[in-house]
Amino acid sequence: MTGRTDPESTAHRRAETGSQATAAGRSADHEEAADDDATALAEPADTVVAVEGLGKRFGSGPDATVAVDDVSLSIDRGAIVGLLGPNGAGKTTLVKSILGMVLPDEGSVHIDGIDARERPRAAYSRVDALLEGARNDYWRLTVRENLRYFATVSGVDPDSVQARHDRLLERLDLAAHADVAVRDLSRGMKQKVSLASVLAGGADVVFLDEPTLGLDVESARTLQTELRRLAADEGLTVVLSSHNMDVVETVCDRVVIMSEGRVIADDTVEALLGGSDTHEIHVTSADFDDGLLATLRERFALAVVDRRDRGAHVAATVDSDGLYDLMATLRAHDVTLDRVRTVEPDLEDVFVDITGSGERR
Ligand SMILES: Nc1ncnc2c1ncn2[C@@H]1O[C@H](COP(=O)(O)OP(=O)(O)OP(=O)(O)O)[C@@H](O)[C@H]1O
């Protein structure tokens, strides 16, 4: 693993601007020596991020806020993990605690088997992050100069990663703008430059908060494809949080859902979707009349009631028992079904189900 040239100043500079954060720690000389040993001894492991019993409280006494409560996670190399939770669930605090930007009250973080508290320089040498959807690329520098700069501050000779930069510029549709100053680019382009900068130094693990914010549909898709490619081909490990459930559902292998500081679900996207007991059912019938619609409204959560010349179109969100009840009710009223359609639950339905939240994140 390659050490960063000046991790402390980089971490502070980025953290101060609330933008990209390069996680790094203290830079005592003795630690450097210890790090070299640790780096030499570190075995490539399948688990790249291991979090054990992490806890973080803000304030004290009865007014204290428990932001992260006994969280344990283990993330494999090459995985793309989505981190979801309602506002205030503790996602940012968890990520910042993992990155060493917030000091947890309890628990441990190991990156590549290296204790991040004991040997931050070694642990974070190949970790990078884009936090709070913000950016702090150097607007006077060109796109390519930014990539070279961020490669350098992450301890990588920019000439040695020239091919990676070319590929990133190509894949993120930035090649035509490689020699343009960042300040002259559109907002979406700047976001892509920020992401490219995070990936420019050859990080093995990246934490991305709202990476597709401000991107048009095509750019967001390009980014998702590139993240999947980097994970599959280069073993990049990604922890991604986003309000955009489609992005998470499309790009992530696994989703961790937090609520009130705790992990309340941690599973593959397929398992979460398969485990959902939410069904959205659409029924159209000429037999729906005011009396029957009133009965249905009383008994079921009707999302849509669309009266037609004859009858109505009705949509309800129900669990399995509710689905059975609904069909039994329609049968009891001799309703002839002109059209029935069920819509498979998506990640957003699962999220609302699990968190009991109307909020989308
Ligand atoms: N520096 C701080 N001082 C005091 N309380 C804090 C601080 N940072 C976070 N909190 C509190 O900790 C809890 C978790 O906040 P956190 O920002 O980690 O949640 P989040 O899931 O990232 O939320 P969001 O989706 O809104 O960004 C919240 O109740 C928040 O108010």
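# A guided tour of the predicted model

Begin by selecting helix H12 (residues 320–332), which lies across strand E12 (279–285) and E14 and runs at about 150 degrees to E14. Such angles run from 0 to 180 degrees between N-to-C directions, and the axes are lines fitted to C-alpha atoms, for helices over the stretch in contact. Helices (H or I, at least four residues) and strands (E, at least two) are DSSP runs, numbered from the N terminus. The structure is a predicted model, in which local features need pLDDT of at least 70 and side-chain atom pairs count only at pLDDT 80 or more, while totals for chains, interfaces and linings use all residues. Residues are numbered from 1 along each chain as its sequence is written.

Next, select the open sheet of 4 strands, whose order is E13-E14-E12-E15 with antiparallel pairing. Its edge strands, E13 (302–307) and E15 (339–343), each pair on one side only. Neighbouring strands of this sheet are turned by 10 degrees against each other on average, direction ignored. Two strands pair if DSSP finds at least two bridges between them. E13 and E14 (residues 312–318) are joined in the antiparallel sense over 5 bridges, and valine 305 stands opposite valine 314 in E14. Strands of a sheet pair through backbone hydrogen bonds, either parallel or antiparallel.

**Helix H13**

Now select helix H13 (residues 347–355), where the buried residues are Leu347, Val350, Phe351 and Thr355. Seen down the axis of H13, the buried residues fall within an arc of 110 degrees, so they line one face of the helix; the arc is that of the directions from the helix axis to the C-beta atoms. A residue is buried if 20 or more other C-beta atoms lie within 10 Å of its own, exposed if 12 or fewer, and partly exposed in between, with C-beta atoms placed from the backbone. The buried residues of H13 pack against strand E4 (80–84), helix H9 (245–251), strand E10 (254–259) and helix H10 (269–274). Just after H13, glycine 356 takes a positive phi of about 65 degrees.

**The hairpin E2–E3**

Move to strand E2 (residues 47–58), which pairs with E3 in the antiparallel sense over 8 bridges. Alanine 50 has serine 74 in E3 as its bridge partner. The two strands form a hairpin with 6 residues between them, and glycine 59 in the turn has a positive phi of about 80 degrees.

**The ligand**

Select the ligand and the 12 residues around it, of which Phe58, Ala67, Asn87, Thr92 and Thr93 come nearest. A residue is near a molecule if its C-beta atom, placed from the backbone, lies within 6 Å of it. Strand E3 (65–76) and helix H3 (91–99) are the elements that give two or more residues to this shell, and H3 supplies the largest share, 3 residues.

**Valine 102**

Finally, select valine 102, in the loop between H3 and strand E5 (106–111). Is valine 102 buried, exposed or partly exposed? Valine 102 is partly exposed, because 17 other C-beta atoms lie within 10 Å. Not counting residues up to four places away in sequence, valine 102 touches Lys56, Thr93, Lys96 and Ser97; two residues are in contact if their C-beta atoms, placed from the backbone, lie within 7 Å. The C-alpha atoms of valine 102 and lysine 56 are separated by 8.6 Å, although the residues are 46 apart along the chain.
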